[in-house]
Amino acid sequence: MVSGGGGTGAGGRRLGAVTAEEFVLAATEPGAVPFVPEITLRMAADPFGLWERTEVEWAGREWPAGGIADIASGRATALPPPFWAFPWAGGQGLARYVLDNPGTVAGRAVLDMASGSGLVAIAAAKAGAARVTATDIDPLALSAVRVNAAANHVAVTVRSRDVRAGGGGGEAPEVVLVADAFYERDLAEQTLALLRRAEDGGARVMLADPGRAFLPTSELTAIAEYEIPVVAALENADSKRVTVYGLRC
Ligand SMILES: C[S@@+](CC[C@H](N)C(=O)[O-])C[C@H]1O[C@@H](n2cnc3c(N)ncnc32)[C@H](O)[C@@H]1O
């Protein structure tokens with residue numbers, strides 16, 4: 001039911017002793033998404049513990065002695081944080097909007113870029129999209145999307161694509177969705193450029209964001225707003241105000 005892509009096998013890429021899929025299953029537990037309880041995701045309780053576990057158990061490397069302080073200062077390198085193990089504020093908002101407004105995706109080919117856990121892609125499939133493709137740069141995210149889509153009994157095609165390399169993924173999507181991808185300058189600029197191209201090509205474009213540092217608000221028009229429960233250890237808050245946007249003409 002769930003198809004793969006991007007050069008990873010059925011269990012996802014293998015860096016160390018376990019495949020990506022084995023790691024996703026071992027390091028997370030299933031649970032209902034707080035703002036989208038009709039969707040179940042594999043989630044982790046402790047983001048920083050999972051980041052260390054990813055580096056040690058999946059990549060087979062040592063966690064730096066100074067931990068995240070060493071990574072942040074550039075004294076040590078590590079895999080990116082395990083974004084895929086959490087339903088981000090933007091993802092929860094966009095998934096809620098799509099499920100409550102199924103006409104936005106029903107019967108259409110949908111692309112969810114920077115998909116993370118696959119939450120938005122799964123919501124689109126549940127809302128009746130004809131085909132859904134989820135893309136991400138992180139091989140663990142690709143495996144998480146496969147696992148999560150299967151657990152929610154929906155079909156999602158998974159592809160490895162780097163937004164910064166212009167990789168939209170999906171064959172001429174009619175709807176392009178992206179949630180919580182405006183936290184880094186390059187990623188934000190390339191994501192906006194891809195969304196503009198998709199809209200110029202005739203696709204409907206929607207994004208959701210809690211106001212991250214590089215959100216191009218002057219280019220956006222608000223469609224809906226939600227107050228969304230978030231993981232306090234990640235956000236330093238219990239909830240975030242999320243806006244669902246379209247592109248301003
Ligand atoms: C904050 S998470 C949001 C995940 C999901 N959309 C959600 O809202 O729950 C950001 C996601 O962007 C992905 N990402 C980061 N850089 C990327 C890039 N250059 N190309 C594609 N995806 C990227 C990360 O791997 C991560 O899954």
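Two strands are said to pair if DSSP finds at least two bridges between them, and helices (H or I, at least four residues) and strands (E, at least two) are DSSP runs numbered from the N terminus. The structure described here is a predicted model, in which local features need pLDDT of at least 70 and side-chain atom pairs count only at pLDDT 80 or more, while totals for chains, interfaces and linings use all residues. Residues are numbered from 1 along each chain as its sequence is written.

The secondary structure of the protein comes to 8 helices and 9 strands. Along the principal axes, the C-alpha trace spans about 50 × 40 × 35 Å. The radius of gyration, taken over C-alpha atoms, is compared with a globule rule of 2.2 Å times the number of residues to the power 0.38; for 249 residues a compact globule would have a value near 18 Å, and the 17 Å of the protein agrees with this. Of the 249 residues, 47% are buried, where a residue counts as buried if 20 or more other C-beta atoms lie within 10 Å of its own, as exposed if 12 or fewer do, and as partly exposed in between, with C-beta atoms placed from the backbone. Two residues are in contact if their C-beta atoms, placed from the backbone, lie within 7 Å, and among contacts between residues at least 6 apart in sequence, 70% join residues at least 24 apart.

Strand 1 (residues 29-33) and strand 2 (residues 36-43) form a hairpin with 2 residues between them, and their pairing is antiparallel over 5 bridges.

An open sheet is formed by 7 strands in the order 5-4-3-6-7-9-8, with mixed pairing. Strand 5 (157-160) and strand 8 (220-229) stand at its edges with a single partner strand each, so that one side of each is left without a neighbour in the sheet. Neighbouring strands of this sheet are turned against each other by 20° on average, direction ignored. Strand 7 (residues 204-209) pairs with strand 9 (residues 239-247) in the antiparallel sense over 3 bridges, with Asp209 opposite Thr243 and Leu207 bridged to Tyr245. Strand 8 and strand 9 also run antiparallel and are joined by 9 bridges, one of the bridge pairs being Glu225 with Thr243.

Helix 4 touches strand 6 (175-179), strand 7, strand 8 and strand 9, and its direction makes about 60° with that of strand 9. Helix 6 (residues 139-151) touches strand 4 (131-136) and strand 5, and its direction makes about 180° with that of strand 5.

Helix 4 (residues 89-100) also lies beside helix 5 (residues 119-126), the two axes coming within 8 Å and crossing at roughly 5°. Helix 4 and helix 5 are therefore roughly parallel to each other, given that angles under 35 degrees count as roughly parallel, over 145 as roughly antiparallel, 65 to 115 as roughly perpendicular and the rest as oblique. In this contact, Gly91, Gln92, Leu94, Ala95, Val98 and Leu99 of helix 4 meet Leu119, Val120, Ala123, Ala124 and Lys126 of helix 5. These residues divide into 8 nonpolar, 2 polar and 1 charged, where Ala, Val, Leu, Ile, Met, Phe, Trp, Tyr, Cys and Pro count as nonpolar, Asp, Glu, Lys and Arg as charged, and the others, Gly among them, as polar.

Two loop residues other than glycine have a positive phi. His153, in the loop between helix 6 and strand 5, has a phi near 60° and is exposed, with 11 other C-beta atoms within 10 Å. Asn236, in the loop between helix 8 (232-235) and strand 9, likewise has a phi near 60° and is exposed, with 7 other C-beta atoms within 10 Å.

How values were computed:
Axes are lines fitted to C-alpha atoms, for helices over the stretch in contact, and angles run from 0 to 180 degrees between N-to-C directions.
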